[in-house]
Amino acid sequence: MKHSLLSVVLASALVAAAPIPAAFAQAARTQAAPSAASQLVLASSTRILTTLEQRRAEFKGNPAALREYVSSEFNTLFDRDYAGRLVLGMHGRGASDADIKLFADALSDSLMTRYGSALLDFNTSLKVRVKSETALPGGRGVKVSSEMIRPDGDPVPVDYLLRQVGGKWKIFDVMVEGVSFVQTFRNQFDAPLRQKSIPQVAADLRAGRMQVSGDVN
């Protein structure tokens, strides 16, 4: 599972991005009254997984429709600019908001291009179970620890880091089996960012001269 971290991150973010169906929200309320962040993770999987299953044939025949769908859902909930700043790490210190956004947009679009189609092979029979929620240090948000329960294998631990933006919960990192989306990319872009400016790295991503990689050894 770690070897396809980015496809799992995409699927996980999409699962959390879906509006909560009323029936599942009611079911969530029977489980120790989860908070809004936990309920988002717990109860929102059905619509996305159902859509992927129902539109699988359409998406296979129309990659543009799949890209539009994935991008729309991903952008709705994922805090791209904040995640981009975290990926830049020390290289983002003192950087302008415009440069941060330039990098975050290039990274997200590159991720969609390379990994979006992987969702067509995603197991839509998965179920999500929330295990716990803990506050992040410094009031940065919360960590919602969950499991993706597979019918044919051991559960896959997935942790979501969320913060409130404009009164809404947004994901800024996803950890699959303990491997962080943010840390994976921070390691990957450290060397290029030591040699080039943020706009130059963003341009390389846009032009395809640099490829994102979610593979974990």
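The residues that line the largest cavity comprise eight nonpolar, two polar and one charged; here Ala, Val, Leu, Ile, Met, Phe, Trp, Tyr, Cys and Pro count as nonpolar, Asp, Glu, Lys and Arg as charged, and the others, Gly among them, as polar. The structure is a predicted model, in which local features need pLDDT of at least 70 and side-chain atom pairs count only at pLDDT 80 or more, whereas totals for chains, interfaces and linings use all residues. Residues are numbered from 1 along each chain as its sequence is written, and side-chain values use heavy atoms, with hydrogens and water left out.

Rolling a probe the size of a water molecule over the atoms shows where empty space is left. A cavity is defined on a 1 Å grid over the protein atoms alone as a set of points where a 1.4 Å probe fits but cannot get out, and lining residues have an atom within 4 Å of a point. Grid points are joined across faces, edges and corners, and a volume is the space filled by probe spheres set on the points. One cavity of 30 Å³ or more is found in a search of the whole structure, and the largest cavity holds about 70 Å³ of space. Its lining consists of Phe74, Phe78, Arg80, Ala83, Gly84, Val87, Ala104, Leu107, Ser108, Leu111 and Phe181. At least two residues of this lining come from each of helix H7 (80-88) and helix H8 (97-115). Helices (H or I, at least four residues) and strands (E, at least two) are DSSP runs, numbered from the N terminus.

Five strands form an open sheet with antiparallel pairing, in the order E1-E2-E3-E4-E5. Strand E1 (127-135) and E5 stand at the edges with a single partner strand each, so one side of each is left without a neighbour in the sheet. Two strands pair if DSSP finds at least two bridges between them. Strand E3 (residues 156-165) is joined to E4 by eight bridges in the antiparallel sense, and Leu162 stands opposite Ile171 in E4. The hairpin of E3 and E4 has two residues between the strands, and Gly166 there takes a positive phi near 60 degrees.

Eight of the nine residues of E4 are buried, where buried means under 20% relative accessible area, exposed over 50%, and partly exposed in between (1.4 Å probe, protein chains only). E4 and E5 pair in the antiparallel sense over two bridges; Val176 has Val179 in E5 as its bridge partner, and Met175 stands opposite Ser180 in E5. Glu177 lies in the loop between strand E4 (168-176) and strand E5 (179-180). Although Glu177 is not a glycine, its phi is positive, at about 50 degrees. With a relative accessible area of 29%, Glu177 is partly exposed.

Asp159, in strand E3, counts as buried because its relative accessibility is 17%. Its side chain makes a polar contact of 3.1 Å with the side chain of Ser145; a polar contact is a pair of N or O atoms within 3.5 Å, of which, within protein, one must be able to donate a hydrogen and the other to accept it, and residues adjacent in sequence count only if both atoms are side-chain atoms. Asp159 and Ser145 are 14 residues apart in sequence, yet their C-alpha atoms are 4.4 Å apart in space.

Technical notes. 1 Å grid on protein atoms, 1.4 Å probe; cavity = no way out; pocket = protein on both sides within 12 Å on 5 of 7 lines; lining within 4 Å.
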